[in-house]
Amino acid sequence: MDPVRIDVKTASRHYTVLIADGLASRLGAQLDALEVPGARFVVSSPLVWRLHGTRIARGLRGVEPILVPDGERFKQLATVSKVYDALVRANAERQSTIVPIGGGVITDMAGFAAATYLRGVAVVHVPTTLLAQVDAAIGGKVGVNHPLGKNLIGAFHQPHAVLVDPTVLATLPRREFRAGLYEVVKYGMTSSPSLFDRVATRRDDIFAREPAVLSAVITESCRIKASVVTADERETGLRRILNFGHTAGHALEAVTKYRRYRHGEAVAYGMTVAAELAFLRGVLAASDRKALGDLLTSLGPLPPVGDLSAREVIDAMARDKKVVAGRLHFVLPTAIGATTIVNDVTRKEIAAALKRVGLKA
Ligand SMILES: NC(=O)c1ccc[n+]([C@@H]2O[C@H](COP(=O)([O-])OP(=O)(O)OC[C@H]3O[C@@H](n4cnc5c(N)ncnc54)[C@H](O)[C@@H]3O)[C@@H](O)[C@H]2O)c1
Ligand SMILES: [Zn+2]
C-alpha cells in the first residue's frame, strides 16, 4: 500500500511525513527515493535497536548505528557529545544525513546533533513511540534539558522527512502508549471533535493496536500537527494552541523532578486543569468538561497528585519558559475542538482549578 503523505510547509523547509505499516523495514529505499544527502548515520538507543534493529538494518544494508541511552535523564549535552564523537570519528561531512530512530528523547537529541554538527546536517526522523510519531518528530523543535530546566537548550531544525511506521508500536509498553495517546486527546480537544470521538469509541481497538484504527488515529494527529506547524513554525501564534495542557503539565513534571509522570500523563492532568479553569470562567460547558474527564479516565490510571500542593505547582508555572513578560499564558478549551488563549488567569483561579483536580492547598 502506498504511504499516506502529509506535507509540512515552513519558511525554512518543505517536507513530507510518510505513514505506512512496514516502512521501518524499507528505510534504505525510502532514503534513496527522498534523495537525502550523502552518508547516513543512524542514531538509536540500545533498547530500540535490540527490539527493531535487525529488521531496520536489513533494509538499510548493514548500517552501523550510533547507540546512546534514551530516558529523560540522559537527554543532556553529555549524550549529544557522544553522538558528535561518533560523527567526527566516522569523518561525517556536511553532506550527511542523520537518521534518529527512537522515541522523543532520541529524536530531540539526535535532531539537535544534526542542527549543530558542522552548523547543520540533514535529518530524517524515524519515530518509534506514539508520542514521537504524532508530536516530537514533526515541527523541527530539537534540544536537550539543562539541570535547571527541561528543553532549555535547543534549536529549530526542520527534518528532510519524517517516516512513521505504526507497526513498531507493537513493542511499546502500555503505559508509554497511553502517554502518547494523551497527546492525541490534546489534538482532538484543540482541533478535531472527530478525532476526540474516535479515541472514545475505538479505545479498545487503539490499545490493541488494530492496524487500520491505529493508522487513522496517527494520521489525523500528524495532519493536525503538520497544519499547525505550517501556519506557525516558530510558535508565535497558532502553534501555541498545542501547549494546551502543558502549562500545568510542565509544572507537575518539574515539581516531581520528571520522575513521577510520563510527559503525556502530566499533560492529561494539565488538560483537566485547563478545562476546570475554562469551566470556572464560564467559557466551557459542563458537558464538555465532563466528556474530557470521562475520556481521560477511561484510558487508564494516572499517577497520584493528592500529595502535591497547589502553591508549589503555581510557583513552578511562573518559572516556565513560556511565561511572556511575566504573564502566564493558558490555552483554555471552549468546546471539544476549540480553544482560546488567555493571559489574565489569577493565582486564585489556578489554585481553585488545581484543588478541583485533587491537589492540596
Ligand atoms: N520536539 C518536540 O516538538 C517534542 C514534542 C513532544 C515531546 N518531546 C520530547 O519527547 C520526549 C518524550 O518522548 P517519548 O515519550 O517518546 O520518550 P522516550 O524517547 O524516552 O521513549 C520512552 C521509552 O520507550 C522506549 N521505546 C521507544 N520506542 C520503543 C518501541 N517501539 N518499543 C518499545 N520501547 C520503545 C524508549 O527506549 C524509552 O525507554 C520528551 O523529552 C519531550 O520533551 C518533544
Ligand atoms: Zn507534549
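Start by selecting Arg119. Arg119 is exposed, at 80% relative accessible area (exposed means over 50%, buried under 20%, partly exposed in between, with a 1.4 Å probe and protein chains only). Look for Arg119 in the loop between helix H4 (104-116) and strand E6 (122-127). Helices (H or I, at least four residues) and strands (E, at least two) are DSSP runs, numbered from the N terminus. Check the backbone too: phi of Arg119 is positive, near 60°, and the residue is not a glycine.

Before moving on, some ground rules. This is a predicted model, in which local features need pLDDT of at least 70 and side-chain atom pairs count only at pLDDT 80 or more, while totals for chains, interfaces and linings use all residues. Residues are numbered from 1 along each chain as its sequence is written, chains are lettered from A and ligands numbered from 1 in the order in which they are written, and side-chain values use heavy atoms, leaving out hydrogens and water.

Next, select Arg209. Its phi is also positive, about 55°. Arg209 sits in the loop between helix H8 (203-207) and helix H9 (211-231). Is Arg209 buried or exposed? Arg209 counts as buried, at 17% relative accessibility.

Now select the zinc ion (ligand 2). Glu183 (OE), His246 (NE2) and His263 (NE2) coordinate the zinc ion at 2.0 to 2.1 Å. Donors are N, O and S atoms within 2.8 Å of the metal (3.2 Å for Na, K and Ca); water is not among the atoms, so sites may look incomplete. Along the chain, the donor spacing reads E-x62-H-x16-H. His246 lies in helix H10 (residues 246-255) and His263 in helix H11, 17 residues apart. Both histidines, His246 and His263, are buried.

Phe196, Val199 and Ala200 of H7 meet Ala291, Leu292, Leu295 and Leu299 of H12.

Notes:
Contact means heavy atoms within 4.5 Å.
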